[in-house]
Amino acid sequence: MSASRDMILAAVRANAPRPAIPMPQVPTFDHDSPALLDRFRSGFELLGGTFVDYVPGSDLNAMIAERFPRAKVICSAVPEVTGNRNLRDVKEPAELDDVDVAVVRPAFAVAETGSIWLSETELGVNALGYLAQHLVALLDPADIVANLHHAYRDPRFPTAGYAVLMTGPSATADIEGVLIRGAQGIRSLTLLPVPRAP
Amino acid sequence: MRRLDHAEAASRFIADEKHEAFHDARLWDLRKKRDREAHGIPEWEELRRLASEIKEHTLAHLADYLEEFERNAVKNGVTVHWARDAAEHNQIVFDILSAKAAKTLVKSKSMLTEECDMRPFLERRGIEVIETDLGERIQQLDDEPPSHIVVPAVHKLRGDVATVFARTLGTEAGNEDVNYLAESQRRTTRPYFLRAEAGMTGANFAIAETGGFVVCTNEGNADLSASLPKLHIASIGIEKLIPRVEHLGVFIRLLSRSALGSPITQYTSHFRTPRAGAELHIVLVDNGRSARLGMADFWYSLKCIRCGACMNTCPVYRRSGGLSYGATYSGPIGVIIDPTFDIRKYSNLPFASTLNGSCTSVCPVKIDIHDQIYKWRRVIAERNQLPFVKKATMKAAGRLFGNPKLYRAALSATGTAIEDLPRFAIYNWFNPWGRQREVPQPPRKTFRQWYIENRTKR
């Protein structure tokens with residue numbers, strides 16, 4: 001390929017420190033952690049997520065309407081919620097600019113950090129998770145792994161084109177350390193522990 | 001290149017007590033939060049050891065891992081470019097933008113593009129560049145470089161931000177409400193996300209095994225920059241490589257805990273392939289890194305994951321402000337990286353340290369920062385880059401410490417001198433220690449006198 005490429009690689013090879021140390025094995029650091037949902041919840045809430053208890057059988061459309069009474073555009077990437085904007089009709093991601101509430105189902109979540117995992121498969125359009133004013137996530141409590149070591153061993157990680165570990169709403173403390181939720185992307189992230197349809 | 005005078009620049013920062021006091025307290029608070037998180041993880045030290053070993057292993061096999069990364073990235077449909085230095089990097093980025101007729105570039109924070117001084121290069125060629133991280137945007141609008149690698153505007157108070165925003169974004173003059181200021185940035189940046197033809201990110205980690213890379217932000221601005229435009233360019237320093245996806249478990253657990261004292265950044269984003277209908281370009285940048293790799297004492301600085309923990313804990317950094325270092329990288333990590341770019345210009349920086357070692361003890365990848373600072377002092381002295389006063393003083397001190405009789409005579413004379421000398425003889429230009437502080441009252445006798453009286457008589 002390019003001359004620069006060859007020069008960089010040659011310089012890196014010539015200057016490589018010796019002796020080389022072997023690649024270490026990374027354990028999964030398992031501790032006794034029975035209550036994954038509780039640990040997930042405290043991590044999630046620590047970074048500003050809103051955890052809402054879910055009574056099995058409740059009407060999700062009604063719950064969302066009640067929590068976001070002023071929402072005009074609801075875009076759902078899950079079969080459990082109808083919404084009024086069809087993701088399949090979206091040609092350009094910028095069309096999602098007016099979405100008030102988006103609904104997604106993370107493939108899995110991490111108890112240690114309170115993070116949810118979303119890839120292009122779960123988002124449909126990647127920008128959905130960022131342009132919407134509010135994001136609602138339906139998480140099956142059975143989909144929670146203990147820590148990041150387990151998360152990074154999930155086979156979906158290396159095959160996703162895009163994937164995010166999302167932990168709470170967009171946030172900043174860049175001015176005097178004052179915490180602001182909703183810096184750029186979503187203003188709130190709400191999580192409902194809803195099992196997947198059998 | 002003129003030698004940078006860190007002490008002089010710091011004295012300007014210190015002159016404003018309100019800013020200095022806030023800066024010191026804010027960064028110390030980050031350090032305390034980091035401690036809380038670190039102490040909450042029983043395997044913390046084990047994670048640091050692993051992180052250090054993974055990085056050292058990777059750097060020893062870096063050429064192989066770079067080739068593996070490139071191979072996989074190309075397989076993923078990514079275009080990979082290589083840049084030897086800043087000029088080549090900037091030209092590559094401009095050429096990619098030109099080929100797509102892109103006029104507007106939204107970007108998330110990247111220390112590498114700061115290092116390459118990319119923004120002015122593109123702006124001179126008609127590209128509008130929008131920094132989208134709030135702190136970085138404040139700095140861009142104020143025409144200042146970032147003063148901290150994680151919190152770029154940490155040296156500013158809300159009044160400063162209000163002034164900058166009123167001047168540049170048209171916010172209400174004098175409205176210093178932080179929510180209002182942040183919301184103003186959100187409102188004015190969003191249209192750029194929606195219409196920009198190109199987006200740019202850096203990378204915190206690049207994974208050889210997948211050809212993918214990871215970007216960590218709290219605002220989600222990297223994701224906005226990458227998920228809307230049809231063109232995504234990622235500039236990545238060659239030292240960001242790690243071998244495998246599972247290694248991310250170690251680094252992501254350490255990064256934000258060390259940086260801000262939070263368990264993870266709000267958004268830890270993994271990019272591997274271009275979106276359908278979009279292009280993804282990666283620019284792998286050397287810019288001095290391969291040369292640094294060959295420096296027996298100093299290649300360890302390439303392990304750095306840019307968390308800023310060493311800056312937050314450093315008593316000199318906290319009280320002098322990042323801009324006083326006059327370099328892209330400030331604080332302890334800057335002190336050991338900057339001289340590799342220009343040893344004369346940055347020859348003063350390794351002296352901006354008390355060698356207390358706090359930086360080394362918080363570093364998540366176990367870089368021996370304070371040892372390296374000491375070693376840089378030696379290199380600078382050997383290359384004759386010491387300023388005259390320091391050199392003359394050191395020479396005199398060397399003679400003194402090398403001769404016990406002379407030393408003892410001088411010591412008791414010093415005690416008398418501090419008590420008897422007029423103030424101008426102590427607090428003058430030749431004695432920087434007397435500039436911001438009172439010289440302590442000398443003890444009545446030296447340790448040696450005390451020892452002879454109390455220990456040798458028995």
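A residue is called buried here if 20 or more other C-beta atoms lie within 10 Å of its own. The views below are taken from a predicted model.

**Figure 1. Overall build of chain B.** By that cut-off, 49% of the 458 residues in chain B are buried. The chain has 22 helices and ten strands. Its radius of gyration is 25 Å, close to the 23 Å given by the globule rule for 458 residues, so chain B is as compact as a globular protein of that length. The C-alpha trace of chain B spans about 85 × 55 × 45 Å along its principal axes. Of the contacts in chain B with a separation of 6 or more, 74% are between residues 24 or more positions apart.

**Figure 2. The contact between chains A and B.** On chain A, 57 residues are in contact with 70 residues of chain B. The elements of chain A that each supply at least two residues to this side are α1 (3-15), α6 (148-151), α7 (156-159), β8 (162-166) and β9 (171-172). The largest share, nine residues, comes from α1(A). By residue class, the side of chain A that touches chain B has 34 nonpolar, 16 polar and seven charged residues.

Figure 3. Eight strands form an open sheet with mixed pairing, in the order β7(A)-β4(A)-β5(A)-β8(A)-β9(B)-β6(B)-β5(B)-β8(B). At the edges stand β7 (144-145) of chain A and β8 (241-242) of chain B; each has a single partner strand, so one side of each is left without a neighbour in the sheet. The chains meet where β8(A) runs antiparallel to β9 (residues 267-271) of chain B, joined by five bridges. In this pair, A:M166 has B:Y267 as its bridge partner. Within chain A, β4 (residues 108-110) and β7(A) run parallel and are joined by two bridges, with A:A109 partnered by A:I144.

**Figure 4. Strand β6 of chain B and its neighbours.** All six residues of β6(B), residues 212-217, are buried. Strand β5 (residues 205-207) of chain B pairs with β6(B) in the antiparallel sense over three bridges, and B:I207 stands opposite B:G212. These two strands form a hairpin with four residues between them, and B:G211 in the turn has a positive phi of about 75 degrees. β6(B) also pairs with β9(B), again in the antiparallel sense, over five bridges; here B:T217 has B:Y267 as its bridge partner.

**Figure 5. The largest nonpolar core.** This core has 176 residues, and those touching the most other members are A:L128, A:A132, B:L66, B:L105, B:F213 and B:F251. Helix α12 (residues 248-259) of chain B gives the largest share, seven residues. Domain 1 (1-40 + 309-386) and domain 2 (43-287) of chain B both contribute residues, so the core lies between them. Beyond its neighbours within four places in sequence, B:F213 is in contact with B:A203, B:F205, B:A206, B:I207, B:A234, B:I236 and B:F271.

**Figure 6. A parallel sheet in chain A.** Five strands of chain A form an open sheet with parallel pairing, in the order β1-β11-β6-β3-β2. Strands β1 (50-51) and β2 (74-76) stand at the edges with a single partner strand each, so one side of each is left without a neighbour in the sheet. Five bridges join β6 (residues 134-138) to β11 (residues 188-192) of chain A, and A:L138 has A:L192 as its bridge partner in β11(A).

How values were computed: Residues numbered from 1 in each chain as written. Chains lettered and ligands numbered in written order. Predicted model: local features only at pLDDT ≥ 70, side-chain atom pairs only at ≥ 80, totals over all residues. Contact = placed C-beta atoms within 7 Å. Nonpolar A, V, L, I, M, F, W, Y, C, P; charged D, E, K, R; others polar. Pairing = 2+ DSSP bridges. Core = buried A, V, L, I, M, F, W, Y, C linked by C-beta atoms within 7 Å. Buried ≥ 20, exposed ≤ 12 C-beta atoms within 10 Å, placed from the backbone. Domains from an automatic or database assignment. Rg over C-alpha atoms; globule rule 2.2 N^0.38 Å.
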